[in-house]
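Work through the exercises below with the model open. Try each task before reading its solution.

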Amino acid sequence: MSKIAQKQELERLKASEKAGKMNLHTHSFRCKHATGDIDDYTKCAEEAGLRILGFSDHTPLPDGRWDYIRMNLEEFKEYDQAISLAQSNYPQMRILKGLECEYFPEYHPFYQDYILGECHFDYIIGSTHFFSWKNKWKTAYEVETPEQLKQYTDNLIKAMESGLFLFMAHPDVFATAYLNWDANAQACSKDILEAAEALNVPLEINGLGFRRSPVGLIGEKRYPYPLASFWELAAQYNISVFCNSDAHNPEDVGKNIQDAINIAEALKIPLKDLDARLAEITSTQSSAT
Ligand SMILES: [Zn+2]
Ligand SMILES: [Zn+2]
């Protein structure tokens, strides 16, 4: 092995070790479909050997939309304070303040000026859990037709174009109900990956999919996500990833991160360095204002 190759291998190993001790996707009881509070997750993270823990509960929305799966705006300050308290109680751990956010243009000022600006949150994650469909909302877990898949994809790409997000959560979540890797799935995945490359937005390999019930026909069962075909295609693009547990209960805070890293490493998809990404996003946001 040449000196350069040795150095690269060493850097790769360091990045891998660092990624294995980091989870940036963590919820709390406030979203109404998770259990445990900030302190419970932090304790479990410490037991699991994590060094970096980012909280990213589902964002409250100023108009109260979809409030049955997120905190209300009135709870936000208390969430913020609970994380501040953990930061002072666990100085040995790097704890970050974040939120997982749906992107619609009407919320852009709320995220940019209030959450990241006034409240000084460290990061926000972009997710498409909902998209508009025939004057109603459809969820990303209900994508069944090519037209719905296209709508999901357009929403996700608009979110990337906003320049607000540290990374995009589970871009392949559409595969929960859209079971076939057909021409439409391939075309939409290409669009997502092309946008991620062009806009320099990392994607997430999400560990929660490993803990969900398998989907598909008997004999062809697979995890709803991560979707192997999607990530094999992703390896052909110049993109990078974050690997997270997406914990909805404290015991899961360190779970399946390594499984997600294994996918990235098997396909040689680079793991994004957190500090490098934080620096990038700060510079994009300050040049946008
Ligand atoms: Zn959730
Ligand atoms: Zn989540």
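On one side of helix 4, Pro109, Asp113 and Glu118 are exposed (12 or fewer other C-beta atoms within 10 Å of the residue's own, against 20 or more for buried and partly exposed in between; C-beta atoms are placed from the backbone). This is a predicted model: local features need pLDDT of at least 70, side-chain atom pairs count only at pLDDT 80 or more, and totals for chains, interfaces and linings use all residues. Residues are numbered from 1 along each chain as its sequence is written, with chains lettered from A and ligands numbered from 1 in the order written.

**Exercise 1.** Find which residues of helix 4 are buried, and why they line one face.

Solution. Helices (H or I, at least four residues) and strands (E, at least two) are DSSP runs, numbered from the N terminus. Helix 4 covers residues 108–118. Tyr111, Ile115 and Leu116 are buried there. Down the axis of helix 4, the buried residues fall within an arc of 80° (taken from the directions from the axis to the C-beta atoms), so they line one face. Just after the helix, His120 has a positive phi of about 55°.

**Exercise 2.** Work out which way the side chains of strand 7 point.

Solution. Strand 7 spans residues 203–206. Leu203 and Ile205 point one way. Glu204 and Asn206 point the other way, and all are buried. In a regular strand, side chains alternate between the two faces of the sheet.
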